[in-house]
Amino acid sequence: MVDSITRQQLSQIAKFSALHPRPEGHKYAYGTAGFRLLGSLLDSVVFRVGLLAALRSRKLDGETIGVMITASHNPPDDNGVKLIDPQGEMLEASWETYATKFANAETDDELTKEYLAVAEALKINLDCPSNVIFARDTRASGPALVAALKDGLQAAGADFADYRILTTPQLHYIVKCINTRKTPAPYGDPSEQGYFDKLATAFKIVTKGKAKPPVVTVDAANGVGGPKLKELARCIGSDYLDINVVKDEIDAVERLNFQCGADFVKTQQKLPVGLEPAPFELYASLDGDADRIVFYYVDEANKFHLLDGDKIASLAAMFIRDLIAVSGVDMQVGVVQTAYANGSSSKYLTDILKVPITVTPTGVKHLHHAAQLFDVGVYFEANGHGTVLFSNSAMKALESFEAQNPGQQDAVTTLLSLAALINQTVGDALSDLLLVIAILSHKAWGPNEWNLAYTDLPNRLVRVVVNDRTAFKTEDAERRLVEPKGLQARIDALVKKYKSGRSFVRASGTEDAVRVYAEAATRLEADELAVKVSDSLKGL
Ligand code: G16
């Protein structure tokens, strides 16, 4: 028996849904980082995500849920939408199925039925309060998608707040702040200024007594990270840090991620177009929503050296491991990687640093949960997406530790301020930038000294367009293909021919393509292996 509140909500949903018709024939899927495709195909999806966000909040007794409208590293015409859970984490995986069902409902009637079915199956009281906050990146399709989202939230009777233009990690931060406000461990002030202040204060504590770092030049991919980074640097103050932001034309929407940005630099293994670096100075590139960062420099011969997510993870793990050892606190650091991790980085972590490694499928949602199993979990994808998580028990151990000497006290203070500096909700390019600068300051290292820890095996990442990427099924944390049948055996046969060869193929969850990764002992061999494996996909 449907009560009057439910009836009213369903009728509102049907009414608003008619304004956001689903394009015919398109199959949607909640992928690596939510729904992501051409902005012009997303109106109905975003409206429906609004409905789901309202339900998710109700299911969690009115806790605040976040909705981010962004397509991150994708080209300017794409857009996307993803949900953020109350602790600032990615949406719980079991709800991705509902998201996909909502997005694919053929008619308004089918959509209201799905809505009711989820509410009934999960025993959600539709009369319960529902709170949602949202933001977007700088893409041209953003404002119209925000309007669709508002319609969805209104139809479902949710209370909502528009945080306008933010980086993805800023929204994750604010969601967590709101939901922890009245708890014994509030995460921070739930505002953009609160975010800047928290990072700025922590950075100053972590780098106290160290020389001011040399200037760092940051390519902001012509996205939202540019203005936000300038504001963060202003909050830190030029007495402590100089950041030179380039590629910051957010109004030139067609230049977003174009020949610049973290994805371009990592996949092309070259400088952003137009950048003329000075030897041995530190450079970095963000992606379109500032949740990824990679670093690089050139040597005296102008040779490009990439310091990617694996290098960041190794640097952070080494620094934190050493601080823990000095502090005498009983805890352990571990690292989470994906199949893309360079073989040399995994070897360095295990053989030299002697820290445990876990490997998960691509997508920070997977890495994040694995990192939570360590006292201090460092997780980074090679593409520069990652963070460092301090568990509750690690925080308690640090907070209650009684240091026996100034060295121990210093180490504990640095670890605690690192936990504040590093975004605890998701990979955050701005926070990771400060983390790297802080560690290099402590070590008095430049990028070249950082790079010396280990030498990357030459590698190549290729994007291959296929007829149907959903035909590519993997196992073993995406390191092996199960389908199409027979393909893995062909890849194995190719890999065998190369010294230190490794290659895998997986479907992208953010682009309509599959990705081929190859590494080998020499540049030539890595490139050749990548080409041969890509060729083996022809006709699929
Ligand atoms: C997203 C995910 C990352 C993932 C990347 C590429 O990044 O958040 O975890 O590595 O997509 O994924 P795929 O290879 O499946 O396309 P972003 O920065 O685009 O949000």
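Two strands are taken to pair if DSSP finds at least two bridges between them. The model described here is predicted.

## The five-stranded sheet

On that basis, five strands form an open sheet with mixed pairing, and their order across the sheet is β7-β6-β8-β9-β10. The edge positions are held by β7 (243-246) and β10 (304-307), and because each has a single partner strand, one side of each is left without a neighbour in the sheet. From one strand to the next, the twist averages 25°.

Helix α15 (residues 429-443) lies across β6 (216-219), β8 (283-286) and β9, and the helix runs at about 45° to β9.

## The four-stranded sheet

A separate group of four strands forms an open sheet, again with mixed pairing, in the order β12-β11-β13-β14. Here β12 (357-359) and β14 (386-390) stand at the edges; each has a single partner strand, and therefore one side of each is left without a neighbour in the sheet. Direction ignored, neighbouring strands of this sheet are turned by 20° against each other on average.

The pairing of strand β11 (residues 333-337) with β12 is parallel and comprises three bridges. One point of reference in this pairing is valine 335, whose bridge partner in β12 is isoleucine 357.

## Domains and their contact

The domain assignment divides the protein chain into domain 1 (4-165), domain 2 (206-303), domain 3 (309-451) and domain 4 (459-535). Between domain 1 and domain 2, the C-alpha centres lie 33 Å apart, and the contact takes eleven residues from domain 1 and 15 residues from domain 2. On the side of domain 1 that touches domain 2, five residues are nonpolar, four are polar and two are charged.

## A helix pair

Helix α1 (residues 4-17) and helix α4 (residues 108-121) have axes that come within 9 Å and cross at roughly 140°, and the crossing of α1 past α4 is right-handed. The contact brings Leu10, Ile13, Ala14 and Ser17 of α1 against Asp108, Asp109, Leu111, Thr112, Tyr115 and Leu116 of α4. Sorted by class, the residues of this contact comprise six nonpolar, two polar and two charged.

## A hairpin

Strand β16 (residues 473-475) and strand β17 (residues 480-483) run antiparallel and are joined by three bridges, with threonine 474 standing opposite leucine 481 in β17. The two strands, β16 and β17, form a hairpin with four residues between them, and in the turn aspartate 476 has a positive phi of about 55°.

## The ligand surroundings

Which residues come nearest to the ligand among the 18 residues around it? They are Thr32, Ser72, Ser508, Gly509 and Thr510. Taken by class, the shell around the ligand holds ten polar residues, six charged residues and two nonpolar residues.

How values were computed. Residues numbered from 1 in each chain as written. Predicted model: local features only at pLDDT ≥ 70, side-chain atom pairs only at ≥ 80, totals over all residues. Near = placed C-beta within 6 Å. Nonpolar A, V, L, I, M, F, W, Y, C, P; charged D, E, K, R; others polar. Axes fitted to C-alpha atoms, helices over the stretch in contact; angles between N-to-C directions. Contact = placed C-beta atoms within 7 Å. Domains from an automatic or database assignment. Left-handed = near helix turned anticlockwise from the far one by under 90°.
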